[in-house]
Amino acid sequence: MRLGVCYFPEHWPSEEWERDVEAMADAGLEYVRMAEFSWGVLEPERGEFNFEWLDEAIELIGDHGMQVVLCTPTATPPKWLVDERPSIRQEDPDGTVQEHGSRRHYCFNSEAYREETTRIVERVTERYANSPHVAGWQTDNEFGCHRTIRCYCDDCADAFRMWLADRYGDVDQLNEAWGNRFWSQQYSSFEEVDPPGPTPAEHHPSRLLAYARFSSDSVVDYNRLHADLIRDANPDWFVTHNFMGRFPTLNAYDVSDDLDLVSWDSYPTGFVQDRFADEASPDQLRAGDPDQVGMDHDLYRSALDRPFWVMEQQPGDVNWPPHCPQPGEGAMRLWAHHAAAHGADAVLYFRWRRCLEGQEQYHAGLRKADGSPDRGYTDATQTSGEFDTLGETDHVDAPVAVVFDYDSLWALDAQPHAPDFDYWALQEAFYGAVRGHGVQVDVVPPTADLSGYEAVVAPALHLVTDSLSERLTNYATAGGELLFGPRTGVKDAENKLRPASQPGPLSDLVGATVDQHESLPRRLEAAVRPVDAPDGDNDTTTPFRTWAEWLEPEAAETQYEYDMDGPADGRPAVVTNAVGDGRVTYCGVWPESALAKTLAANLLDRAGVRHAERLPDGVRIGYRGGHTWVTNFTSDQLRLPDIDADALVVDDTDRDAIDTGAVGGERDASAKGVAVGPYGVAVVEGDHVDGLRVAEQQSIRF
């Protein structure tokens, strides 16, 4: 496990570079990422290249024993290129053309831009093909940031028609697959099919799904262009891309097929504002949410089933969310350890130094604008030493898979059928319930081989094919434990309802069908109760939210029924079905925390998966390579009563961590076990997943 940083030497006088790089080395950093936005500096005029500044920076970094990760600079085409070839720009659905003045304003399907991409990438990769200090390359930067995956220009229209012709072969097949008899939406040729622009009513859902797939495929193809050029220059380099958190419009699994290493950019206190808005708790505003960040860690680790990198880690306050509270003391260290516990092999902070110009002046760095250390530098320096102590570690071996399906995400985004129905949030309701028992999780696509997992959770497989149904049936029959969430098996691969009752091809596997469904506003009370609960025992009722399906069991047994006013009262809500040597549970509601955790615990018990007691909200554990991590995303002091202090590997006793409100595990002389401070970390030698208790939360909020 290693630390690094993102650096922009072109923003600073060259006489300051030596001081900066020396401070990086002093902090124990090992990787420096550079040049992702530097096209205009590298080529200020067409054909006039200036590499000397980058040559000098690379040599300086190498001389201090660190390695460089370079980036293809295509996220920011320079003004002279936009003026010469204006057709490279993206276009909105209403025809508005994106102007020069920020970033990511190019079209993925522009042949002109692909020509320019080839030219600049060949030039920069050839320049450094023999440099001993360059470890690898990042392609472009954050594909799709600022909602730029889907373009609607003429180049995209032409490419979309070719994509449709390749997929369907004949326009009559397209009309049949989409169901275009509805509202007279038939096409007589592929040339008639346009990108989905402004309309009085909503678009055809099959057309929207097709355009989502096409747009993602366009990025896959554009990324492959970069990857091939990089490998042509030096096949020993690794190739990565820095994905974004909770990013809905790009299929990261497909892009990752052309990468050697998956990386992503993690900003916990910004993400939590995106998700929770004004409902984020004080702790979440200071440290983020461990499951929100953790699900991205696990998704990107699972994309290639190998260790991943965090290419940009939040270093302090950031400029882009609605508010920028200072992270809790030690949070920048907490986030690095949390990533390591989920399988990260490197964490690079963004950025080295707060910049003096441009759009990111209010984005913190590890160092302040004057070059002096900021709060993140202290955390990074401490973490680097702790990573050295832990040494090399193994890949995460997860016993549970959560299935994540971009096609279902896109289909549900097109027809959510409830204003608060959010695919990511539903996934996290189930994911967090499993992680709340300390179990490592892979987040995998529907195409993944599931045979090695003890249990599989599929929160929202909205689109289900016959072949997927067959694979899931084979998994359960062979002894696997399956848990489905609501809105499963509703539609076919083209986003059309099936003539058979939901869950369609999964009905025999589930042992039940869906009779009715309803979406529920918050003002309607919604709860379920176990079928074996005594009449009138309100203590057993469990709330749910947003979505409810009334189930009709056939072979399945009812586990929970509705306990609410209205026609659903007393109808089955959760059922289980024995299938071969395995068991399948179908949850027809969006579970709140208590129900989700109960379903997860039952699943883990039946599957024989070792797990901890239910952990407090904001506290998570993970096991990797002979060590157990405890990460505390709360401002409370925790105690681990069953952990021998001598087993503590990451130890802050010299910093008097608990008394000062700082972070980290500490030997607790006054009580048995190990104390973990606010926003703190404890790393313990050995596997303590099934024996770990977290006790005596003591409020020391500040």
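The side chains of Arg33 and Glu312 meet in a salt bridge at 2.9 Å, N to O. A salt bridge here is a side-chain nitrogen of Lys or Arg within 4 Å of a carboxyl oxygen of Asp or Glu. Arg33 sits in strand S2 (residues 31–34) and Glu312 in strand S7 (residues 308–313), so the pair ties together parts that are 279 residues apart in sequence. Helices (H or I, at least four residues) and strands (E, at least two) are DSSP runs, numbered from the N terminus. Both Arg33 and Glu312 are buried. Buried means under 20% relative accessible area, exposed over 50%, and partly exposed in between (1.4 Å probe, protein chains only).

This is a predicted model: local features need pLDDT of at least 70, side-chain atom pairs count only at pLDDT 80 or more, and totals for chains, interfaces and linings use all residues. Residues are numbered from 1 along each chain as its sequence is written, and side-chain values use heavy atoms, with hydrogens and water left out.

The whole structure holds 49 salt bridges. One of them joins Glu329 and Arg375 at 3.4 Å, N to O. Glu329 lies in the loop between S7 and helix H13 (331–341) and Arg375 in helix H14, so this pair ties together parts that are 46 residues apart in sequence. Glu329 is partly exposed at 39% relative accessibility. Arg375 is partly exposed too, at 25%.

Another salt bridge pairs Glu592 with Arg522 at 3.2 Å, N to O. Glu592 is in the loop between strand S19 (589–591) and helix H19 (593–607), while Arg522 is in the loop between strand S13 (512–520) and strand S14 (527–530), 70 residues apart. Glu592 is partly exposed at 25%; Arg522 is exposed at 58%. Elsewhere, salt bridges that share partners join Glu43, Arg46, Glu84, Arg85, Glu115, Glu116 and Arg119 into one network.

Now return to helix H14 (residues 375–390). At 1.5 Å a residue, its 16 residues should span 22 Å, and its end C-alpha atoms are 23 Å apart, which agrees. The expected span is 1.5 Å times one less than the number of residues. Buried residues in H14 include Tyr377, Phe387 and Leu390. Gly391 follows the helix, with a positive phi near 70°.

Leu348 is buried, with a relative accessible area of 0%. Its C-alpha atom is 6.6 Å from that of Cys6, 342 residues apart along the chain.

Next, the backbone. Most residues other than glycine have a negative phi, and most peptide bonds are trans. The bond from Phe350 to Arg351 is cis, with omega near 10°. Arg351 is in the loop between S8 and H14. A cis peptide bond also joins Gln502 and Pro503, with omega about 10°. Trp183 has a positive phi near 55° and is exposed at 55% relative accessibility. Tyr679 has a positive phi of about 50°, but Tyr679 is buried, at 3%.

Last, the surface. Glu18, Glu22, Asp26, Glu59 and Asp63 gather in a patch of negative charge. Patch residues have over 30% relative accessible area and no salt bridge, with like charges joined within 9 Å. Helix H1 (17–26) and helix H3 (52–63) each supply at least two residues of the patch. H1 gives the most, with three. Glu59 lies in H3 and is partly exposed, at 39%.

Notes
Patches are made of residues with over 30% relative accessible area and no salt bridge: like charges are joined within 9 Å, nonpolar side chains (Val, Leu, Ile, Met, Phe, Trp, Tyr) within 5 Å. Accessible areas come from the Shrake-Rupley method with a 1.4 Å probe; for residues, only the protein chains shown count as cover. Lys and Arg count as positive and Asp and Glu as negative; His and the chain ends are not counted. The place of a charge is taken as NZ of Lys, CZ of Arg, CG of Asp or CD of Glu.
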